[in-house]
Structures are given as C-alpha cells and as structure tokens.
Amino acid sequence: MTPEQSTKHLKIVFGGDSHEIDAEVLIESLVSYSMVTQEVSAYLSPDSKVNIKIKATQEGSFELLLDIIANAGNTLFTPNHIAYASGIVTIVGGLYTFKQWLSKNGAPERIEHNEKDNTVKIKNN
C-alpha cells in the first residue's frame, strides 16, 4: 500500500436460519454497494479511484458453494428437468468462458453465426 492509499474494512452479513442467500440478492447487493461507493468517491474526490475487493474467509482459493434449483413442476428429477438444469449450467459456463475470453482478447473483430449447426465463431486476428 502506498502512502496515498487508505484501506477501510467492512463486513456485510446477510442473516437467516437457512445459511444461504439467493444469488441475485447477493449480486445485486454487492453491485449496488459498489456503485454507490464509486459515485460518492467520484463526487468527493474526482481524481481518486476506489477498488472494492472481496476477501476469502480462509487461506487458499475463494470458494462459493452454489445450489442450482430448477422449479419446473411436481416431479423434479425427470429427464426433461435434468436436461433443463444441465442447460442452465452449460449456458452460464459458456457465458463465463466468453467473458474471460473478452477480458483477455478484447472485443471480437468478426462474429460468424452458422445457422446449419447453430454455432457461433468469434474471431480476433
């Protein structure tokens, strides 16, 4: 930390007996907190930059335990429902991989959609 830097610690606790929180509530809360903090910082000191980091509670990799629950009718474990949940995981994983690619390579120069096999090719020369 340089002499110009200052760190303040904040602990956010979401209470409840179920020991879980809806992902959208958590994400929206963190995004909203970050946006308000950035806006206040820009107002008070336009030349400063605020970085908000989420710290792991123990050494090692940051770990999140996710439960993906698909409410799609009376019987959860039907082949259609399993395929539905699998599709959600596949799409989210693909979007995450695409975001990582964009972070590394920048905006694509060309995007080609093949309607025959419903694939998309992203090229960045």
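Me: How do you know how confident the predictor is in the protein chain?
Reply: The confidence is given as pLDDT, which runs from 0 to 100, and the protein chain has a mean of 76, with 83% of its residues at 70 or more. Confidence is highest in H1, at a mean of 84, and lowest in strand S2, residues 119-123, at a mean of 76. Where pLDDT is low, the predicted coordinates should not be read in detail.

Me: What makes up the pattern of the protein chain, read along the sequence?
Reply: The protein chain holds 2 helices and 2 strands, and along the sequence they follow the pattern α-α-β-β.

Me: Why is glutamate 28 called exposed?
Reply: Exposed means over 50% relative accessible area, and glutamate 28 reaches 54%, so this residue counts as exposed. Glutamate 28 has its place in helix H1, residues 23-44, and together with Glu20, Asp22 and Glu24 it gathers in a surface patch of negative charge.

Me: Is histidine 19 buried or exposed, and how do you know?
Reply: The relative accessible area of histidine 19 is 75%, and because the cut-off for exposed is over 50%, histidine 19 is exposed. Histidine 19 is found in the segment before H1.

Me: What makes the phi of histidine 19 worth a remark?
Reply: Most residues other than glycine have a negative phi. In histidine 19, which is a residue other than glycine, phi is positive, near 55°.

Me: Why are tyrosine 33 and isoleucine 52 called partly exposed?
Reply: Buried means under 20% and exposed means over 50%, with partly exposed in between. Tyrosine 33, at 36%, lies between these cut-offs and therefore counts as partly exposed, and isoleucine 52, at 38%, is likewise partly exposed.

Me: Where do tyrosine 33 and isoleucine 52 lie?
Reply: Tyrosine 33 has its place in helix H1, whereas isoleucine 52 lies in the loop between H1 and helix H2, residues 79-105. They are 19 residues apart along the chain, and their C-alpha atoms are separated by 9.6 Å. Both residues belong to a nonpolar surface patch of about 770 Å², whose other members include Leu10, Phe14 and Val25.

Me: How many of the 125 residues in the protein chain are buried, as a percentage?
Reply: Buried residues, those under 20% relative accessible area, make up 3% of the 125 residues.

Terms used. Residues numbered from 1 in each chain as written. Predicted model: local features only at pLDDT ≥ 70, side-chain atom pairs only at ≥ 80, totals over all residues. Heavy atoms only, no water. Patch = residues over 30% accessible without salt bridge, like charges linked within 9 Å, V, L, I, M, F, W, Y side chains within 5 Å. Areas by Shrake-Rupley, 256 points an atom, 1.4 Å probe, with all protein chains shown as cover. Salt bridge = Lys/Arg side-chain N within 4 Å of Asp/Glu carboxyl O. Lys, Arg positive; Asp, Glu negative; His and termini not counted. Charge placed at Lys NZ, Arg CZ, Asp CG, Glu CD. Helix = DSSP H or I, 4+ residues; strand = E, 2+ residues; numbered from the N terminus. Buried < 20%, exposed > 50% of the residue type's maximum accessible area, 1.4 Å probe, protein only.
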